[in-house]
Amino acid sequence: MIRYLRVCKEASGGYSRGMARPLRPELRDLLLDTAAVQFAQLGLGGVSLTRIAEEIGATKGAVYFHFQSKMELFHACLAKLEEERQAWLDARPPPRPKDPLDELRHLLEARLTFGIERPELRRLHWILDTE
């Protein structure tokens, strides 16, 4: 049994909630992407874990395997979008600025462009601040 647990841990990079089964990163990413869109469209109160599971063809138990609660899922969505934004910004370094105003202009332009491409992040921040 110990060998099985070690193999599962090495194959997955970890366990979920102390279980012996490995995590499925592709399911977790699908849950996060689907939930982020639903949270952005319906708000925190309008989203259910059952609805998210149904939309991706999974069970509610699969959702709970990865996240203990709707709030944990919400915060994980927010964290993933923040990481995506940072990676997106890092891939677009500013041109050698002649002055700090050019650098600020570039940063604002890049953040606004990301916000247009991924409006869920802005909406999730708004939900976090108001609900």
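Contact here means heavy atoms within 4.5 Å, and helices (H or I, at least four residues) and strands (E, at least two) are DSSP runs, numbered from the N terminus. With those terms, the buried residues of α2 have a cover that includes α3 (49–56), α4 (60–66), α5 (70–90) and α7 (119–130).

## Basis of the model

This is a predicted model, in which local features need pLDDT of at least 70 and side-chain atom pairs count only at pLDDT 80 or more, while totals for chains, interfaces and linings use all residues. Residues are numbered from 1 along each chain as its sequence is written, and side-chain values use heavy atoms, with hydrogens and water left out.

## Overall architecture

The protein chain has 7 helices and 0 strands, and from the N terminus on its elements follow the order α-α-α-α-α-α-α. Of the contacts in the chain with a separation of 6 or more, 64% are between residues 24 or more positions apart.

The accessible surface of the protein chain, computed by the Shrake-Rupley method with a 1.4 Å probe and, for residues, with only the protein chains shown counted as cover, comes to about 8500 Å², and carbon and sulfur atoms account for 56% of that surface.

## Helix α2 and its kink

Helix α2 covers residues 25–46 and spans only 26 Å between its end C-alpha atoms, whereas a straight helix of 22 residues would span 32 Å at 1.5 Å a residue; the expected span is 1.5 Å times one less than the number of residues. The helix has a kink of about 85° centred on Ala 40, where the bend at a residue is the angle between axes fitted to the seven residues ending there and the seven starting there.

Ala 40 itself is among the buried residues of α2, which also include Leu 31, Leu 32, Phe 39 and Leu 44. Leu 27, another residue of helix α2, is buried because its relative accessible area is 10%. Leaving aside neighbours within four places in sequence, Leu 27 is in contact with Ile 56, Ala 58, Ala 62 and His 66. Leu 27 and His 66 are 39 residues apart in sequence, and their C-alpha atoms are 8.9 Å apart in space.

## Salt bridges

Side chains of opposite charge can pair when their charged atoms come close. Counting as a salt bridge any side-chain nitrogen of Lys or Arg within 4 Å of a carboxyl oxygen of Asp or Glu, a search of the whole structure finds 6 salt bridges. One of them joins Asp 33 and Lys 80, whose closest N and O atoms are 2.6 Å apart. This pair links distant parts of the chain, since Asp 33 is in helix α2 and Lys 80 in helix α5, 47 residues apart. Asp 33 is partly exposed, with a relative accessible area of 33%, whereas Lys 80 is buried at 17%.

Asp 33 and Lys 80 also belong to a network of salt bridges that links them with Glu 84, Arg 118 and Glu 120.

Arg 118 is placed in the loop between α6 and α7 and counts as partly exposed, at 23% relative accessibility. Not counting residues up to four places away in sequence, Arg 118 touches Leu 81 and Glu 84.

The C-alpha atoms of Arg 118 and Arg 85 are separated by 8.7 Å, although the two residues are 33 apart along the chain. Arg 85 lies in helix α5 and is buried, with a relative accessible area of 15%. Beyond its neighbours within four places in sequence, Arg 85 is in contact with Arg 111, Phe 114 and Leu 121.

Leu 101, Leu 104, Leu 107 and Leu 108 make a nonpolar surface patch of about 360 Å². Patches are made of residues with over 30% relative accessible area and no salt bridge, like charges being joined within 9 Å and nonpolar side chains (Val, Leu, Ile, Met, Phe, Trp, Tyr) within 5 Å. Leu 101 is in helix α6, which comprises residues 100–117.

How values were computed: Buried < 20%, exposed > 50% of the residue type's maximum accessible area, 1.4 Å probe, protein only.
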